[in-house]
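Here's a quick briefing to read alongside the model.

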Amino acid sequence: MRPAPGPAERAARPPAPQNGLIRPTPGKTLGALDALKNQKPAPRVDPGLEEAVGFTHFDTTASQDNMVTVLTTRDDLHLLASQTLVRVKSREDGRSYLGVIVRGPFAEPNAVPANSTMAVGVVTHGKKLTYTFEYHGRAEIEILGEELKGALEPPRFRPRPQSPVFLLGDEESARVLGVRGSLGLGMVVGYDRMEARIDPRDKSILPRHTGIVGTTGGGKSTTVATLIHRAQAEGIAIIVFDVEGEYTHVDEPTEQAAMLEALKRRGRKPEGVRELHIHHLTGRASRNPRHRNLHRFSLNFSSLSPYAIAEILDMSDAQQERFLKAYDVTKLLLEDFGIFPRSEEDRRRLLDIDELSTGHPRMTIQHVLDVVSAYIYSLSDEGRSEARGRPRAASRRQGNFLDELDPENASAQAPAHGPTFYSEFRSNVGRVMSRVMAQSSKHEISWKALASKLHRLRRLNIFDVGSVRGVDYNSMLTPGRVSVIDLSDTDSPQLNNLVIADILRGLQEAQETRYQKANDREQTVTPALIIIEEAHEFLSASRISQMPVLFEQVARIAKRGRKRWLGLVFVTQLPQHLPNEVLGLINNFIIHKITDSSVISRMQRTAGSIDESLWNRVPRLAPGQALVSFSNFTRPLMVAVDPAPVKRLLVE
Ligand SMILES: Nc1ncnc2c1ncn2[C@@H]1O[C@H](COP(=O)(O)OP(=O)(O)OP(=O)(O)O)[C@@H](O)[C@H]1O
Ligand SMILES: [Mg+2]
């Protein structure tokens, strides 16, 4: 077939003879028509779509609420990185949604199914073939909400098919994710410049308690050290229960090579915290014995709940029953001897005492031991015969009946007969005996078992040590002070628990008073952060079933802490040992690497609202990386926690 004449050819043709009716089309017009014919249609790109990185797909029967599939070109696939925030403009119905990429981006061939023989053949022959199938990207997004008048509302609909999808800039992403505030913990993975920030003065964040969990070496203690450093800079009072003594040098800059390197990469300097105070139990050493702010402390028997003591000493029911009886008699004797109460005010104070959370003012362990000793005497042959009014045999054993249980006490001055007392009760043995007789008891064996437990406790020499004071809670709660309770030398979880329970209660009471005072002056109270390392030792499920009173105390502190600005931080590599009651108190999580899938699923149930794609990464996190879920974040974030600028002692 002959090709149609071109414009040049036509222009050269002689004009057709004029018959007055049809005139030939002028060459100029013909040329214009040809140009029009050859012109390709201009691409009709809506300026509103230029920035789109993909489009929503149609739904199928497999579609799920809140999840939308986004398709994109091969060129744009790299823009749909996991965890990226996107805006979906459903133009058909004029709605706008925010979402996050939770699955993908996947690459799917355009022409054939990915699993077809052809696709498999082309890919497997990659060495020989220079071509591949054209493909596109697919990602799944989770809809965070619909944008309505500047707020994010739960979506009632879903984006229509072929709605354009846009990326959010870093600044807008930070705003949407809720990462604002002055306390930065590290960088959000997947963004160039986004820091995971919280507002340290926001009552709905730190006082709603935090769990830092992960396997050994995951980076928990480094995160704690970073948190201490940052929180101090914000003027928060920080108290750390340090089971290993690893934070006793945090006022010095770190010297660890890996940490120095990591700090350099983040453009930060090694630096110790400013005001460190170290507290250690009297008679126990500190890992920083020459520190200038070293404080010894003893515990007050009078501040421990008798029920908590019974739990901690693992008393049998019979022993506990006797202990509480002795405790009650001791209270009467304290009044008889003019020790407490002494005044009307004392009497009023007595009315407020809740024995489930605290002890009896001015009572010492020696007072109780004296009463126990009186009971044992009253149940002995000698005591019984004395009670019946018979004269005593001359060859009678001398000294305290408890001396055989506690040889240390044997050196005390023993009278010629009767029980020996070591407290103020010494001055009137008869009074003690008559109180004991008025509330008689049975079973000398149980009393002796109780006595031996109490003696063991007394021999720890941590109670009411005359010259050594208790912990000064008020100075601990001053702004920017870091107090480390060094428990490295106690080697007894029971003793640690006693200390932790006592100090927690003291802190809570002091903070309560400070809160009231601040409130009266229309000021805000200094926020406090209490960090408990190795929390599973203090609060393990098995222990809590044996120690309901102790746990109730912690729960009470946690609940009151919310209102009074006391934030608890539980650090543990065994979160599965924490009972649900404790996990239920925690609203913020920093989850480092966890490999055990059963632990992950336990955490998954606890921490909630963290999508599968994030949990899948938890077993492979590098040291220092963590899945961070704070109550101010719109959704949990993968964070590279900042290296700690402070020195941390390594635990062997
Ligand atoms: N944020 C971080 N940046 C850089 N390196 C880190 C970070 N966190 C941890 N590391 C590295 O991992 C090591 C172990 O961290 P760390 O001692 O904090 O773990 P851990 O979870 O407290 O372990 P353990 O259960 O044994 O107490 C650190 O010595 C350090 O080398
Ligand atoms: Mg650690």
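Predicted model: local features only at pLDDT ≥ 70, side-chain atom pairs only at ≥ 80, totals over all residues.

Residues are numbered from 1 along each chain as its sequence is written, while chains are lettered from A and ligands numbered from 1 in the order in which they are written. The protein has 21 helices and 19 strands, where helices (H or I, at least four residues) and strands (E, at least two) are DSSP runs numbered from the N terminus. Its radius of gyration is 38 Å, well over the 26 Å that the globule rule gives for 652 residues, so the protein is more spread out than a compact globule.

**Overall shape**

- The radius of gyration is taken over C-alpha atoms, and the globule rule is 2.2 Å times the number of residues to the power 0.38.
- Along its principal axes, the C-alpha trace of the protein spans about 165 × 55 × 50 Å.
- Of the 652 residues in the protein, 39% are buried. A residue is buried if 20 or more other C-beta atoms lie within 10 Å of its own, exposed if 12 or fewer, and partly exposed in between, with C-beta atoms placed from the backbone.
- Take the contacts in the protein with a separation of 6 or more: 74% of them come from residues 24 or more positions apart. Two residues are in contact if their C-beta atoms, placed from the backbone, lie within 7 Å.

**Confidence**

- The average pLDDT of the protein is 85, and 90% of the residues score at least 70. pLDDT is the predictor's confidence in each residue, from 0 to 100.
- Residues 1-5 stay under 50 in pLDDT, and the model has 1 contact beyond four places in sequence for them.
- Residues 390-405 also stay under 50, and for this stretch the model has 32 contacts beyond four places in sequence.

**Strand S19 and its partners**

- Strand S19 (residues 637-641) has 4 of its 5 residues buried, so it is largely enclosed by the rest of the structure.
- Strand S8 (residues 183-188) runs antiparallel to S19, joined by 3 bridges. Two strands pair if DSSP finds at least two bridges between them.

**Strand S2 and its partners**

- Strand S2 (residues 67-73) is mostly covered, with 5 of its 7 residues buried.
- Strand S1 (residues 54-56) pairs with S2 in the antiparallel sense over 2 bridges, and Thr56 stands opposite Val70 in S2.
- S2 also pairs with strand S5 (residues 135-148), again in the antiparallel sense, over 7 bridges. Val70 turns up here too, standing opposite Ala139 in S5.

**Around ligand 1**

- There are 16 residues around ligand 1, and Gly219, Ser221, Thr222, Pro623 and Gly624 come nearest. A residue is near a molecule or strand if its C-beta atom, placed from the backbone, lies within 6 Å of it.
- Two elements give two or more residues to this shell: helix H5 (220-233) and helix H6 (257-265). H5 gives the most, with 3 residues.
- By class, the shell has 5 nonpolar, 10 polar and 1 charged residues. Ala, Val, Leu, Ile, Met, Phe, Trp, Tyr, Cys and Pro count as nonpolar, Asp, Glu, Lys and Arg as charged, and the others, Gly among them, as polar.

- Most residues other than glycine have a negative phi, and most peptide bonds are trans.
- The peptide bond from Gly104 to Pro105 is cis, with omega near 5°, and Pro105 is found in strand S4 (residues 95-109).
- Phe340 and Pro341 are joined by a cis peptide bond as well, with omega about -5°. Pro341 is placed in the loop between helix H8 (317-336) and helix H9 (344-351).
- Asn66, in the loop between S1 and S2, has a positive phi near 70°. Asn66 is partly exposed, with 14 other C-beta atoms within 10 Å.
- Asp314 has a positive phi of about 55° although it is not a glycine, and lies in the loop between helix H7 (306-312) and H8. With 12 C-beta neighbours inside 10 Å, Asp314 counts as exposed.
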